[in-house]
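This report describes how side chains pack in one structure. Please look at the sequence and the model below before reading on.

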Amino acid sequence: MKPLVSLLIPVYNSEKYIGEALESVEKQDYDNLEIIILDDGSTDSSFSIISHYKERDERIKVERRENGGIGSARNRLLSLSQGEFVFFLDSDDILSSSNLISKLVEDLEKYGADVAAARTLSFRKTPKIKSDDTIKIYSGSDFASLMAKPCGVFCYPHSRLIRKSLFSSFSFPTDVIFEDIPVMPWVIRKSERVVYDRSVIYSYRINKKGLSHGKFSPSSLFEMDAYYTNIKKAMELKERKITLYSSVFFLTKYYYYLFKVLVRGLSIKEYHAKYKRKAKEAWNALFYGG
């Protein structure tokens, strides 16, 4: 029997896109799938839309709660899941390949892997489909490095079918945004083998109102904190590539947000007090650390 896969969907005020996301889930041809949706205190019609899909698809399970944030939502979904493998889908994204889950399970079994990653293509209005049958095999450490690399495959929880036990010693931080950055590379690093299959496509919506692409605010600076956490951990574990890539990311964001702080007339003193020392450490890590 094929392993049970838990498809996990955190939802918060996603009425504009959640229907399209769930349509793509319904089309999946894998027959041992549970779909768990957590409505994290939506104040729009998201829950009503979710309930409609639940009525017509017995695989869907729904929990509703007061808003607790994306990190807490991901932790709760993991705790609710019964599958041997888990797959996160963001509520404004689309599974563009109807065989995405079944193909990734096939890859896991064929190559004896703990993680199978789909190809992620970003879009704004219409998903892009580009043919590519490339399959690559990585060690967990090498794929984790690729996730930390600028213009690599990034630290997203979504688009990867992951053995649930890899999360056993990790949880997402619950009080910040960019919760995935200090967690996902280390989860993937625990795997012995990762399959990267570019023939199946996960369509990632560039949503300007979303956390990752929204307007600058002081909370945007949490992104630097996340990369700084990775620098320190990578140095401790002597992961030179992750140290290098995380330092590049941190320093790029440091100067980018410094410009934003200047433009918006925010306190340079406060910014320097919090990040100047960390920037010096990042420069040191870039050339000497790890």
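Over the face of which residue does Arg 74 lie? Arg 74 lies over the face of Phe 172, at 6.0 Å from the ring centre. A charge sits over a ring if NZ of Lys or CZ of Arg is within 6 Å of the ring centre and within 35 degrees of the ring normal. The charged end of Arg 64 is placed over the ring of Phe 47, 4.0 Å from its centre.

The model is predicted, so local features need pLDDT of at least 70 and side-chain atom pairs count only at pLDDT 80 or more, while totals for chains, interfaces and linings use all residues. Residues are numbered from 1 along each chain as its sequence is written, and side-chain values use heavy atoms, with hydrogens and water left out.

**Nonpolar cores**

A nonpolar core is a set of buried Ala, Val, Leu, Ile, Met, Phe, Trp, Tyr and Cys residues joined through side-chain atoms within 4.5 Å. Buried means under 20% relative accessible area, exposed over 50%, and partly exposed in between (1.4 Å probe, protein chains only). The largest nonpolar core has 33 residues, of which Leu 7, Ile 9, Phe 87, Leu 100 and Ile 101 touch the most other members. Elements giving two or more residues to this core include strand 1 (5-11), helix 1 (18-26) and helix 4 (100-111). Helices (H or I, at least four residues) and strands (E, at least two) are DSSP runs, numbered from the N terminus. Helix 4 gives the largest share of this core, five residues. A second, separate core has 24 residues, among them Leu 8, Ile 162, Ile 188 and Val 194.

**Aromatic pairs**

The whole structure holds 18 aromatic pairs. Rings of Phe, Tyr and Trp (its six-membered ring) pair if their centres lie within 6.5 Å; planes under 30 degrees apart count as stacked, over 60 as edge-to-face and the rest as tilted. Two of the pairs are set out here.

| Pair | Centre to centre | Angle of planes | Type |
|---|---|---|---|
| Phe 143 and Tyr 196 | 6.0 Å | 65 degrees | edge-to-face |
| Tyr 271 and Tyr 275 | 5.5 Å | 50 degrees | tilted |

Phe 143 lies in helix 5 (residues 140-148) and Tyr 196 in strand 9, so their pair ties together parts that are 53 residues apart in sequence. Phe 143 counts as buried at 0% relative accessibility, and Tyr 196 counts as buried at 9%.

Tyr 271 and Tyr 275 are four residues apart in helix 9 (residues 268-288), so about one helical turn separates them. Both Tyr 271 and Tyr 275 are buried.
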